[in-house]
Amino acid sequence: MSVQPIEEVRKVLTYAVSEMPSEKILMGMPNYGYDWTLPYTRGTAAQSIGFIAATELAVKHNSEIRYDEQTQTPYFNYTENGTRHVVWFDDPRSIDAKLELIDEFDLAGASWWTINRCYVPNWLIVQNRFEVAKL
């Protein structure tokens, strides 16, 4: 499933702003996706994958990248060595949808983890929407 489904993020933020001032909250943003082996078996872990690597994997397997409107997240399926996979990751559409929540909830901003996986579209979207400050 999606690393950060939009409605789940909205639920967390709704709770967070009910407990503390919104201007003290930075929304966490993942900088990775997940490559799940199918069929999913409870307790099995997915492989973490960067956004660029996810796109390259879709191209390698000639997989169509689809967009799930409910979670606001792209995904694709592929088969390798007879094993089926589904990959959920972020792209400019999903990143932008999440960043809209900053204004919706009047948050202080966003913060990324696993920053070592550079994804240039992240920063282009951020720079287009906000004034960036390093904390």
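Visitor: Leaving aside neighbours within four places in sequence, which residues is phenylalanine 76 in contact with?

Guide: A friendly word first: this is a predicted model, so to speak of local features takes pLDDT of at least 70, side-chain atom pairs count only at pLDDT 80 or more, and totals for chains, interfaces and linings use all residues. Residues are numbered from 1 along each chain as its sequence is written, and side-chain values use heavy atoms, with hydrogens and water left out. Taking contact as heavy atoms within 4.5 Å, the partners of phenylalanine 76 are Ala54, Leu57, Ala58, Ser63, Glu64, Ile65, His85, Val86, Val87 and Phe89.

Visitor: Which residues in the largest nonpolar core touch the most other members?

Guide: A nonpolar core joins buried Ala, Val, Leu, Ile, Met, Phe, Trp, Tyr and Cys residues through side-chain atoms within 4.5 Å. Buried means under 20% relative accessible area, exposed over 50%, and partly exposed in between (1.4 Å probe, protein chains only). The largest core has 27 residues, and those touching the most other members are Leu13, Met27, Phe76, Val87 and Leu99.

Visitor: Which element gives the most to this core?

Guide: Elements are DSSP runs numbered from the N terminus: helices (H or I, at least four residues) and strands (E, at least two). At least two core residues come from each of α1 (6–19), β1 (26–29), α2 (51–60), β5 (73–80), α3 (92–104) and α4 (120–129). With five residues, the one that gives the most is α3.

Visitor: Within what arc do the buried residues of α1 fall, seen down its axis?

Guide: The buried residues of α1 are Ile6, Val9, Leu13 and Ala16. Taking directions from the helix axis to the C-beta atoms, they line one face of α1, because they fall within an arc of 85°.

Visitor: How far apart are the end C-alpha atoms of α1?

Guide: The expected span is 1.5 Å times one less than the number of residues. For the 14 residues of α1 that gives 20 Å, which agrees with the end C-alpha atoms, apart by 20 Å.

Visitor: What is the order of the open sheet of five strands?

Guide: Two strands pair if DSSP finds at least two bridges between them. The edge strands, each pairing on one side only, are β3 (47–49) and β4 (66–68). With antiparallel pairing, the order is β3-β2-β6-β5-β4.

Visitor: About what angle does the direction of α3 make with that of β5?

Guide: Axes are lines fitted to C-alpha atoms, for helices over the stretch in contact, with angles from 0 to 180 degrees between N-to-C directions. Helix α3 packs on the sheet, touching β4 and β5, and its angle to β5 is about 145°.
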